Amino acid sequence: MLYRLLLLVLCFGTTVQAQDYFYKKFHPFNEAVPSPQEFLGYGIGEHHTRHDLIVAYLTKLAETSDRASIYQYGKTHEGRKLVILTITSPENLSNLDDLKQQHLAFTDPSKNVSNYGDVPIFINLAYNVHGNEPSSSEAALLSAYTFAASNSPEILKYMNDAVVMIDPTINPDGRDRHTQWANMYQGTPNVTDPQDAEHNEYWPGGRTNHYWFDLNRDWLLAINPESRGKLKWFHEWLPNVVTDFHEMGTQASYFFEPMKTNASFDPIMPKENYEDLNNMFGAEFAKALDSIGSFYFTKEVFDGTYPGYGSSYPDLHGALALLFEQASSRGHEQKTAFGKITFPFTIRNQYTSSITTVKTAVANKAYMYKYQQDFFKSALTNAAKKKIRGYSFGDDYDQNRTKAFIDKLLVHDIDVFTSGNRYVVPTRQPQYRMVQTMFETYSKYRDSVYYDASAWSVANFYNMKYRAVTNLNMEEKIESTDDLVTVVGVQKSDYAYVIDWDDYNAPAALNYLQNNGLVVSSAFKPFTVKVGANSKSFNYGSLVLPVSLQKKNAQVVYDLVQKAQKKYEVPTYAVNSGYSLKGIDLGSRYIQPVKKVKAAMLIGDGTRSYEAGEVWHLLDTRMNMPISKIPLRNFNRTNFDKYTTLVMVSGRYNLTKKQQEKIKAWVRKGNTLITIGTATKWVIDKKWVKEKLTNVERDSLKKDSTIVVGRKPYVDAGENLGKESVGGVILKADLDITHPLAFGYHDRSIPVYKNNTVWLAPSKNEYATVAKYAKNPHIDGFITKKNMEEYLKPSASLVVSKLGSGRVVLFADNPNFRGSWYGTNRLFLNALFLGDKINIPARD
Ligand SMILES: [Zn+2]
């Protein structure tokens, strides 16, 4: 023992003391359990810790401490492990299944248990959803060590009364991007100059995951494996308290809840959550931070209204979710207006809040359990007060989009039933508040700046036609989406095959067939043909595969068509004659071969990584189609002639005249440029196309006539100006469903998502405005009256404009928002696959 102590002192010298900076008051520690420093070979805060080492350390704790066990709940896109370390007393740990059942009894409204004080409280300490906010995962290591190894009376008591479940890294792919960055630029001594490379990550930075998604928005949308794994785990355990640790700007101090009050009004959450519970915990965080001399603020900013944050989703499940924001040292040490901020300092604040969370939860255990029980019981009583009994939905033309939406409901543990040829979600269920989240829309808001989207009726994301019903017809409960799509196996034909373009997966099937060397055409007008003994009508855009015109023989063609159908579950039909019962014949000039797409996208500094990631994710994961990501820094040596289609997402493009000419010349040759959001504004400002923005003329008019300028209090400027930005609203657009960009849609009315102030004027060309906002466009979310009346109503959402023999497809709104706008994805995919087929009838 003496030898071991000696060795420790020799190896780590003064840094052993340094680690007491964090956990001095929790001595003595179980010596059989290694501290983070002993395990890593460096003290916490000296370097940024890689995710594999974080997992290895927690695994070590599970091996060496009789209080801990480790569980893997998923794997990231890049294959990193997602883990939870459960820590509680050895007695609790050996009895965990039973305790879990006792705990879950409070979440079951049909049960009337009252042993509030007897069951340990379940706490999920979750860290590092934003990869470049690194103090949190380091604090997770310290928290895990403290709970697994400290024998102080205080910690021993917590371990009796709580089950602490530590998720050290919610976003390991992003964390490792940032970890690599911070460590590779670390100097000896530290360079505190904010201009040093260590403090300035390159695009895309480590905030997001592999596909540049913000996982702290993905709890609701469940697009990524990180969230899907976490949600499955979450619904299994329904913890009482959940933390969400973040970092903010370097010049700030520390933030904990309560959040900004005026924006936090939540129509579906119990007030008790964001008033009583937050104040109860807030008082304890204040005390703990006071005791180590740390400064902080509350209430001024952030709001928890968007239900897809780590600090709001659990609130909709009977828990208290807590947001923490630490001023970032971004790197190991940085100069600020207050002196220097060090990495260990930021870690200590997060660690202190972690321990305090457990302390406060334990002290209020009975209260928290009663709250959780009331929460789920009130879900049923609230629903019973309403006339609405459920929501009926379904799309006759698109089973795969319907399936994707049902998947979303099931991920959130919402009960769904079949109901004739539609589906129904009853409101009277414990998940009533999530049902509201998926279907209800709001038009009344507190006039305020929102931290993020103010609209999230997810059914609209999926363009799911739904209605509230007062009579329920529930047939079979849906347990999984596995066999939800039914397609009749296609028969062999020696003449032609036709595939519905209405199905969400049809573009993926097209890409698959083209990759296998088949020529596939698109029908530019509808037609009705005989399929077997029946007649069947096909919509705009239906894919036609003429068998005799293929280079492969009929059997090989059939095999490939069958494979495509199996893989993507798309409705596919064998046709034996080209003579149509109605509409165009199969040899018509309105049926034209679709050119194989070779897509590229500009990425890098100045471009919006979220939007770029959404495009990349859509093509990779749903279309199985590669897209070349062209870094802007390589622009001059990029040969664009290899591509048919170029995507420019929102961003600031600092392209010289010569560089702009390079893209324009490429488009003029007959290629397709797709612009989204502010890239659309940019190409209009640069006069690449003859389109206009709605607000430019009006604003310049106003400038001339405005002589009298009013006065407003200085202090209100931020709030007044801020709310004119569009945080995110759902709007109704009117679609020209005969336009190739809108093929696959049956209904002219679609919901679109707007989170920018790009006000695109309808084209002067009568055939080029594909989607214009409807007369009464508001569906869901906050937008000021001024934006609505002056800018939005006269504007268009989607316009296509000619440039030489090519065209620019101008999306004012983002059709791929957060990977979950299945309803407008098709517009983007049409631009990709059918872009070169658009002839803009021109009079000029
Ligand atoms: Zn964050």
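Is Lys687 buried or exposed? Select this residue to begin the tour of the structure, which is a predicted model. Lys687 counts as exposed, because its relative accessibility is 68% and the exposed class begins over 50%. The residue sits in the loop between helix 22 and helix 23 (694–705). Although Lys687 is not a glycine, its phi is positive, at about 60°.

Next, select Lys299, in the loop between helix 12 and strand 7 (320–327). Its phi is also positive, about 65°, and this residue is not a glycine either. Lys299 counts as partly exposed, with 48% relative accessibility.

**The zinc site**

Now select the zinc ion together with His130, Glu133 and His246. The ion has as protein donors the ND1 atoms of His130 and His246 and two OE entries of Glu133, at 2.0 to 2.5 Å. Along the sequence, these donor residues follow the spacing H-x2-E-x112-H. His130 belongs to the loop between strand 3 (121–126) and helix 7 (135–149), while His246 belongs to strand 5 (residues 241–248), so the pair ties together parts that are 116 residues apart in sequence. Both histidines can be checked for burial: His130 counts as buried at 3% relative accessibility, and His246 counts as buried at 2%.

What is the geometry of the zinc site? The site is irregular, with angles of 56 to 156° among the four donor atoms. A tetrahedral label would require all angles to lie between 85 and 135 degrees.

**The nonpolar cores**

Select Phe147, Phe393, Phe405, Phe439, Leu513, Leu602 and Ile663. These residues have the most contacts inside the largest nonpolar core, which has 231 residues. Helix 7 gives the most to this core, contributing nine residues. To study one member in detail, centre the view on Phe405. Beyond its neighbours within four places in sequence, Phe405 is in contact with Phe393, Met438, Phe439, Val458, Ala459, Tyr462 and Met464. Another core, of twelve residues, lies apart from the largest one; among its residues are Ala523, Val575, Ile584 and Ile591.

**A buried tryptophan**

Move to Trp501, in the loop between strand 14 (496–499) and helix 18 (506–515). Trp501 is buried, with a relative accessible area of 0%. Residues up to four places away in sequence aside, Trp501 touches several others, including Tyr540, Phe743, Arg826 and Leu834.

**Two cis peptide bonds**

Select Trp203 and Pro204, which are joined by a cis peptide bond with omega of about 0°. Pro204 is in the loop between helix 9 (172–184) and helix 10 (218–221). Then select Glu257 and Pro258, where the peptide bond is cis with omega near 15°. Pro258 lies in the loop between strand 6 (254–256) and helix 12 (271–291).

For the last stop, select the lining of the second largest cavity, which includes Lys595, Thr644, Asn671, Arg807 and Asp836. The volume of this cavity is about 70 Å³.

Notes
Residues numbered from 1 in each chain as written. Predicted model: local features only at pLDDT ≥ 70, side-chain atom pairs only at ≥ 80, totals over all residues. Heavy atoms only, no water. Donors = N, O, S within 2.8 Å, 3.2 Å for Na, K, Ca; no water. Tetrahedral: all angles 85-135°; square planar, octahedral: opposite > 155°, others 65-115°. Helix = DSSP H or I, 4+ residues; strand = E, 2+ residues; numbered from the N terminus. Buried < 20%, exposed > 50% of the residue type's maximum accessible area, 1.4 Å probe, protein only. Core = buried A, V, L, I, M, F, W, Y, C linked by side-chain atoms within 4.5 Å. Contact = heavy atoms within 4.5 Å. 1 Å grid on protein atoms, 1.4 Å probe; cavity = no way out; pocket = protein on both sides within 12 Å on 5 of 7 lines; lining within 4 Å. Points joined across faces, edges and corners; volume = space filled by probe spheres on them.
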